[in-house]
Amino acid sequence: MSAAAADWLPTASVTASGRPVLSAGEVERNLLPLVDLEPEENPRLAPLRASLLALTSHRLIFLHEPSRSARGLPLAAVVHAYPPHRRHSHNPLRSLFSSSSSSSQHPRIRLQISMPPARSEVIAIVVTCKVDVDVFFGRLLEAIRARAWEVVPAAAPSSGTPVAEGAAPAEDIAIRMPVVGVSGILRMEQESWESAGQNLQDAFQDLNALMSKAKEMMQLAEKMRLKLLMNSSTESNSNDEEMGSKQDMQDLLLSVGIVSPVTKETAGALYHQQLSLQLADFVRIPLEKAGGMMALVDVYCLFNRARGTELISPEDLLQACSLWEKVDVPVMLRKFDSGVKVIQTKTHSDEEVFARISSLAQKPDALQKGISPSDAAFTLGIAPALAKEHLLNAENKGLLCRDVSPDGFRFFINLFNEIDAQNIYSQKPHGLYNAWISVAMASH
């Protein structure tokens, strides 16, 4: 049953890979792989079956993965949350032999919610997967009590208490006892330890403040990015300079980071699955800028930089990429014959790359001296390592020939395709072979 069945709940947007779209300042708190949403008292409310439940700081998002549709319940509408319990049947024989009572044995979290127009309903989240329901319920209560949807970023605190003009600082006013004898040395050592401890405490306070400010800056960047996207869709008469500055600003904000990165703490058993979906959403824009293909090591650096302090290991990245084969996402993991692994869009065409390489290799200078991976990298707008892989791939297809020298690899257009096997000494007055002869003779 898709999420469209529960039309009494507001719809929630999902990304191209099937993850819920979070609003500005909204952060994921926990995930449950499989739940049902059932009405407790009102049979007119349609239930929601087999959904992934995402608890955020603002909503409960029920995502039906097969149909990629979602419904969201604002936490502001939750009047009261009751602790998890199991609904036991009054007839033990019926509960033992009846399959219809199997759902009653699953933990249920009852919620009293307020729905327009001014009516109250009681619904139940039926957890049909094996998870620690108490942990989820605890985080649900924390999110409800935090009321993050009402939080407004506070103004920066003042730099400190102002000191009256002409007054000496407190450090200068303090009377320092002279260091005399063993007791003085011990007192000086004690003061040194106390000063070091205070400095360490201040350092950790500054670090915590920096982390909180970093999160605020990421949320602010997300708000500005959404505003830019809205303005770009409504203002169609802007000049090229304004559009270019907006695009530069949007690119800058996109590089700030991921506001709510998937972590093992929030996703649990779904960590690698949700990480792969978030990675698929993240690499879409970098891949567009890179021409549809990026080295795996470059994606690893970009993704970890965007995640801030929530770094992932290379093994986690590789496992997340390998899961793309099982889900419908617009990107894929590819391995060249040399062993180099890259991430590319599914719409990426090797034929287009071969056409550009072939055009480059047919230029007069290239016909005489060949092309290097650096030349191909400059033409394709990619890294030299990836350009070399494309050249080797073109060689395997019979488009190029390779010359290995102490100076490195040089690739030439394959002229053997122009030679008639029945008459190898005949020279055509036209074609690629004739162009190569002309260039060779002109150089002497």
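## Overview of the chain

Of the 444 residues in the protein chain, 36% are buried, where buried means under 20% relative accessible area, exposed means over 50%, and partly exposed lies in between (1.4 Å probe, protein chains only). This is a predicted model, in which local features need pLDDT of at least 70 and side-chain atom pairs count only at pLDDT 80 or more, while totals for chains, interfaces and linings use all residues. Residues are numbered from 1 along each chain as its sequence is written, and side-chain values use heavy atoms, with hydrogens and water left out.

The secondary structure of the protein chain consists of 15 helices and 14 strands. Helices (H or I, at least four residues) and strands (E, at least two) are DSSP runs, numbered from the N terminus. A contact requires heavy atoms within 4.5 Å. Among contacts in the protein chain between residues at least 6 apart in sequence, 59% join residues at least 24 apart.

## The nonpolar cores

A nonpolar core is a set of buried Ala, Val, Leu, Ile, Met, Phe, Trp, Tyr and Cys residues joined through side-chain atoms within 4.5 Å. The largest such core has 34 residues, and those with the most contacts inside it are L279, F303, W324, V331 and I343. At least two residues of this core are supplied by each of β3 (48-56), β4 (59-64), α7, α9 and α10. Helix α7 provides the largest share, 6 residues. A second, separate core of 32 residues includes L60, V133, F137 and A143. In soluble globular proteins, nonpolar side chains tend to be buried together.

## Residue V331

V331 is located in strand β11. Is V331 buried or exposed? V331 counts as buried because its relative accessibility is 3%. Leaving aside residues up to four places away in sequence, V331 touches A280, V283, L287, W324, I343, Q344, T345 and K346. The C-alpha atoms of V331 and M293 are separated by 9.5 Å, and these residues are 38 apart along the chain.

Helix α10 spans residues 314-322, and its buried residues are D316, L317, A320 and C321. These residues lie on the same side of α10 because they cover an arc of only 130 degrees around the axis, the arc being that of the directions from the helix axis to the C-beta atoms. An α-helix has 3.6 residues a turn, so residues three or four places apart point the same way. The buried residues of α10 pack against α6 (264-267), α7 (271-282), α9 (296-307), β11 (331-335) and β12 (341-345).

The axes of α7 and α10 cross at roughly 80 degrees and come within 8 Å. Axes are lines fitted to C-alpha atoms, for helices over the stretch in contact, and angles run from 0 to 180 degrees between N-to-C directions. Y271, H272, L275, S276 and L279 in α7 meet D316, L317, Q319, A320 and C321 in α10. The residues of this contact divide into 6 nonpolar, 3 polar and 1 charged. Here Ala, Val, Leu, Ile, Met, Phe, Trp, Tyr, Cys and Pro count as nonpolar, Asp, Glu, Lys and Arg as charged, and the others, Gly among them, as polar.

Helix α11 (residues 350-361) packs with helix α14 (residues 384-396) at an angle of about 90 degrees, and their axes are 10 Å apart. This angle makes α11 roughly perpendicular to α14. D350, V353, F354 and I357 of α11 make the contact with H390, L391, N393 and A394 of α14. By type, the residues of this contact are 5 nonpolar, 2 polar and 1 charged.

In helix α13 (residues 373-380), the residues P373, A376, A377 and L380 are buried. Because they cover an arc of only 105 degrees around the axis, they are placed on the same side of α13. The elements covering the buried residues of α13 include α11, α14 and β14 (408-413). Just after α13, G381 takes a positive phi of about 75 degrees.

A50, in strand β3, has a positive phi of about 50 degrees although it is not a glycine. A50 counts as partly exposed, at 40% relative accessibility. R147 lies in the loop between α2 (133-146) and α3 (170-173). R147 also is not a glycine, and it has a positive phi of about 50 degrees. At 34% relative accessibility, R147 counts as partly exposed.

How values were computed
Angles under 35 degrees count as roughly parallel, over 145 as roughly antiparallel, 65 to 115 as roughly perpendicular and the rest as oblique.
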